[in-house]
Amino acid sequence: MIEFRGVGMTYPSGIEALKEIGFVVDPGEFLFVIGRSGSGKSTLVKLLTCEERPNRGNVLIDGYDISRIERRYVPYLRRNIGMIFQDFRLIETKSVYENVAFAMEIVGAPGKLIRRRVPIVLSTVGLKDKSDMRPSELSGGEQQRVAIARAMVNNPMLILADEPTGNLDPGNSESIMALLDSINQRGTTVIVCTHDSSVVDKMRRRVIELEAGRIVRDDRRSGYGTAPELPGETPAEQPEEPPFEEMAEEAERRAAQEKVDA
Amino acid sequence: MKPTTFRHALRESGRNLVRHPVITLASMTTIALMLLLVGVFVAFTMNALTIAQKAGQQAPVQVWSDYAASDATVAGVETALQKDAGVLSYVKKSPAQNLEDFRKQLGGRSGVLDGFDESLLSWSFTVHLKDPAEGQAFVDRISGVPGVRKVDLSLPVMDFLESLMRWVYAGSAVGIAMLGVVALFIISNMVRVAVYSRAEEISIMKYVGATNLYIRVPFIVEGAVVGAFGAITAWGILYGAYSSLLESLALPATSTFLALLPLSSVSLAVLAVDLVFGLLVGSIGSVLSVRRHVRV
């Protein structure tokens with residue numbers, strides 16, 4: 001569970017990015033954080049990854065206050081958070097396989113496990129045949145899928161996506177969000193910061209809207225514009241074992257169905 | 001850090017060296033050039049010190065025995081010279097040999113020595129010392145040996161040679177220090193460029209959960225490898241150049257004080273200095289440069 005408790009953040013320049021915000025994200029929930037540029041979305045992401053520390057309040061993950069965490073433990077926290085960025089942030093000199101594998105190498109996973117899991121995860125995102133290619137040889141959508149594969153390969157408790165469709169066309173945006181949705185269906189908490197109204201409207205999940213650093217809306221099942229709050233659903237429980245094999249099989253079934261339809 | 005994580009980090013350093021060939025080559029070339037300069041200066045300094053030392057040993061000290069000294073007395077003086085730790089070598093001359101030397105010095109006027117009684121001359125020892133700075137101390141020691149009548153020491157010459165050696169030592173130390181600082185600065189900058197070119201990669205690794213140590217280990221290893229290769233390259237160039245120099249100049253045999261040091265002694269010293277310098281600067285420079293980029 002993620003909890004923001006009276007969190008306020010003012011940068012050294014004097015800009016007050018967040019003003020005493022508070023909300024709770026249940027395990028397995030899918031949350032959109034929307035708002036205009038400068039509303040505080042990126043600051044919220046930075047607080048979750050401990051890139052910044054709040055001046056007031058607390059940020060808790062599973063009851064542990066990460067806003068007071070010692071600097072040397074921050075990498076271990078980030079290993080439980082899969083980050084997805086607008087600009088993909090893949091390492092250009094590594095292949096697709098290596099970009100995903102190094103996330104496992106960093107946590108000290110044995111070589112055998114890496115060689116077994118990475119191809120499965122790449123199958124899940126539909127890029128198994130492009131393992132040896134470099135990021136520059138892929139399309140934007142494919143690069144973002146590699147980023148998603150890297151984010152999920154260590155089975156994190158939270159996927160945090162900061163404008164994941166910002167550099168993508170509508171078609172690719174939809175497939176990326178479908179992928180995030182399927183990850184969430186398996187029990188991983190997903191938080192997406194975006195100002196892409198189309199994906200928010202289509203998916204109709206919980207929406208927190210920020211404006212000038214304050215929460216102005218928190219709707220359980222909503223679109224980008226104001227909508228009446230509907231009763232929320234109980235989020236799926238997170239399974240104990242990584243469901244990568246099932247996800248890969250489902251991805252292959254979906255790919256085969258698309259071929260038949262075509 | 002877990003052993004598997006450490007192995008992954010080491011493997012990463014090997015991959016990075018291959019994956020960034022231009023930066024690797026540029027770093028290696030810069031380090032090799034700077035270490036070549038350091039090596040040249042080390043070789044020059046070694047030779048200068050040796051020549052200065054040998055020059056100091058050229059100035060002789062003349063030891064004269066008592067007039068009409070017995071064989072046993074002369075043997076006693078000779079034994080004292082053989083046992084003295086400051087003596088490099090000596091040449092013993094009898095009164096007859098000394099008379100002959102006087103005749104040669106006089107040249108055409110040597111006739112004035114016709115009928116001269118050679119027993120009026122004494123035995124002499126032309127002594128070469130290991131260290132000209134020890135001249136006065138040697139004089140004090142040998143003057144006390146029974147049978148020694150007189151010791152001639154050219155103090156101004158000795159002082160000059162001693163002063164020369166001190167200047168050569170001091171100049172070498174200052175030169176190596178200055179060259180070392182310049183080399184350190186240039187190599188560090190090159191390493192910084194190499195790290196900066198991968199700043200984005202470092203920040204991505206931080207977001208994914210890499211610890212500072214995991215990020216630093218490959219750079220330390222890469223820096224050390226690049227430094228070592230640069231050192232070996234510099235040493236190889238210097239080895240070839242020095243051996244060519246020895247052949248082409250055809251300088252006097254090693255026993256004279258103008259001779260250059262043999263290749264084996266110079267090359268080992270240069271290799272040692274270059275390797276230590278290259279390894280230290282390469283790895284430490286990398287660590288210090290990476291620190292600036294690991295704060296995400």
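Reply: R217(A) is buried, its relative accessible area being 7%, where buried stands for under 20% relative accessible area, exposed for over 50% and partly exposed for what lies in between, computed with a 1.4 Å probe on protein chains only. This is a predicted model, in which local features need pLDDT of at least 70 and side-chain atom pairs count only at pLDDT 80 or more, while totals for chains, interfaces and linings use all residues, and side-chain values use heavy atoms, with hydrogens and water left out. Residues are numbered from 1 along each chain as its sequence is written, and chains are lettered from A and ligands numbered from 1 in the order in which they are written.

The partner of R217(A) is D219(A), and the closest N and O atoms of this salt bridge are 3.0 Å apart; the term asks for a side-chain nitrogen of Lys or Arg within 4 Å of a carboxyl oxygen of Asp or Glu. D219(A) is likewise buried, at a relative accessible area of 8%.

As a general point, side chains of opposite charge can pair when their charged atoms come close. Over all chains, the structure holds 19 salt bridges.

One of them joins the side chains of K130(A) and E142(A), at 2.4 Å from N to O. Because K130(A) lies in the loop between helix 4 (111-124) and helix 5 (140-152) of chain A, and E142(A) in helix 5 of chain A, this pair ties together parts that are 12 residues apart in sequence; helices are DSSP runs of H or I with at least four residues, strands are runs of E with at least two, and both are numbered from the N terminus. K130(A) counts as partly exposed, with 27% relative accessibility, whereas E142(A), at 13%, counts as buried.

Another salt bridge links the side chains of D181(A) and R205(A), again with an N to O distance of 2.4 Å. Here D181(A) belongs to helix 6 (residues 170-185) of chain A and R205(A) to strand 9 (residues 205-211) of chain A, so the pair connects parts that are 24 residues apart in sequence. D181(A) has 22% relative accessibility and counts as partly exposed, while R205(A), with 14%, counts as buried.
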